[in-house]
Amino acid sequence: MSGVKRKRNVLNVKQKLEILQKLDNGESASTDAKDALNEGNTVSHSAALQSVETLLDYMGQRGFDYGNISAVRKIYVDIRQEMNKEQKQKRITDFLKQ
């Protein structure tokens with residue numbers, strides 16, 4: 001598989017800054033993040049989690065208030081729950097195929 005590049009959709013710097021600005025202004029940005037990630041191909045759960053973790057690190061370093069950090073953590077939990085749900089469905093499907 002060397003030489004094969006996978007296309008990954010992750011939030012670019014501009015998209016992250018726009019979301020951070022909305023959070024800073026007290027606005028909800030969860031749908032903006034979902035929309036940005038869903039442009040083109042879908043992004044994997046692990047890539048989304050990594051982006052959210054990076055965003056949380058950045059917010060912690062920049063001293064964002066607790067409400068904004070909590071909103072981003074909610075996005076992280078939502079992604080994790082969706083990932084777990086899909087993994088559970090896959091295990092059930094795989095079991096039934098046997």
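I began at Lys85, which is partly exposed, with a relative accessible area of 45%. I note at the outset that the model is predicted.

**Entry: salt bridge at Lys85**

I looked up the partner of Lys85 and found a salt bridge with Glu82. The closest N and O atoms of Lys85 and Glu82 are 3.5 Å apart. Both residues lie in helix 4. They are three residues apart, about one turn of the helix. I then checked the cover on Glu82, and at 31% relative accessibility Glu82 counts as partly exposed.

**Entry: the other salt bridges**

How many salt bridges does a search of the whole structure find? I counted three.

One of them joins Asp78 and Lys74, with the closest N and O atoms 2.9 Å apart. Asp78 and Lys74 are four residues apart in helix 4, so about one helical turn separates them. I looked up the exposure of Asp78 as well, and Asp78 is partly exposed at 27% relative accessible area.

Another joins the side chains of Asp94 and Lys90, at 2.9 Å from N to O. I placed both Asp94 and Lys90 in helix 4, four residues apart, about one turn of the helix. The two partners fall under separate labels: Asp94 has 32% relative accessibility and counts as partly exposed, while Lys90 has a relative accessible area of 51% and is exposed. The cut-off for exposed is over 50%, so Lys90 passes it.

**Entry: the chain as a whole**

I stepped back to the fold. The chain has four helices and zero strands, and from the N terminus on I read its elements as α-α-α-α. Buried residues make up 27% of the 98 residues. The chain exposes about 7400 Å², and carbon and sulfur atoms supply 50% of that area. I also looked at contacts between residues at least 6 apart in sequence; 64% of these join residues at least 24 apart.

**Entry: the nonpolar core**

Nonpolar side chains tend to be buried together in soluble globular proteins. I therefore looked up the largest nonpolar core, which has 15 residues. Which members touch the most other members? They are Val52, Met59, Val72 and Ile79. The elements that give two or more residues to this core are helix 1 (13–24), helix 3 (45–62) and helix 4 (66–97). Helix 3 gives the largest share, six residues.

Leaving aside neighbours within four places in sequence, Val52 is in contact with Val72, Ile75, Tyr76 and Ile79.

**Entry: Asn68**

I listed what Asn68 touches, not counting residues up to four places away in sequence: Leu23, Asp24 and Met59.

**Entry: aromatic rings**

A pair of aromatic rings is described by the distance of the centres and the angle of the planes. I searched for such pairs and the count came to one. The rings belong to Tyr58 and Phe64, with centres 6.3 Å apart and planes at 50°, so the pair is tilted.

I checked the cover on both rings' residues. Tyr58 is partly exposed, with a relative accessible area of 29%. Phe64 is buried, with a relative accessible area of 16%.

**Entry: nonpolar patch on the surface**

Last, I looked for nonpolar residues on the outside. Ile92, Phe95 and Leu96 form a nonpolar patch on the surface. Together they have about 360 Å² of accessible area. I took Leu96 as the residue to check. Leu96 lies in helix 4 and counts as exposed at 63% relative accessibility. The cut-off for exposed is over 50%, so 63% puts Leu96 in that class.

Terms used: Residues are numbered from 1 along each chain as its sequence is written. This is a predicted model: local features need pLDDT of at least 70, side-chain atom pairs count only at pLDDT 80 or more; totals for chains, interfaces and linings use all residues. Side-chain values use heavy atoms; hydrogens and water are left out. A nonpolar core is a set of buried Ala, Val, Leu, Ile, Met, Phe, Trp, Tyr and Cys residues joined through side-chain atoms within 4.5 Å. Buried means under 20% relative accessible area, exposed over 50%, partly exposed in between (1.4 Å probe, protein chains only). Contact means heavy atoms within 4.5 Å. Patches are made of residues with over 30% relative accessible area and no salt bridge: like charges are joined within 9 Å, nonpolar side chains (Val, Leu, Ile, Met, Phe, Trp, Tyr) within 5 Å. Accessible areas come from the Shrake-Rupley method with a 1.4 Å probe; for residues, only the protein chains shown count as cover. A salt bridge is a side-chain nitrogen of Lys or Arg within 4 Å of a carboxyl oxygen of Asp or Glu. Rings of Phe, Tyr and Trp (its six-membered ring) pair if their centres lie within 6.5 Å; planes under 30 degrees apart count as stacked, over 60 as edge-to-face and the rest as tilted.
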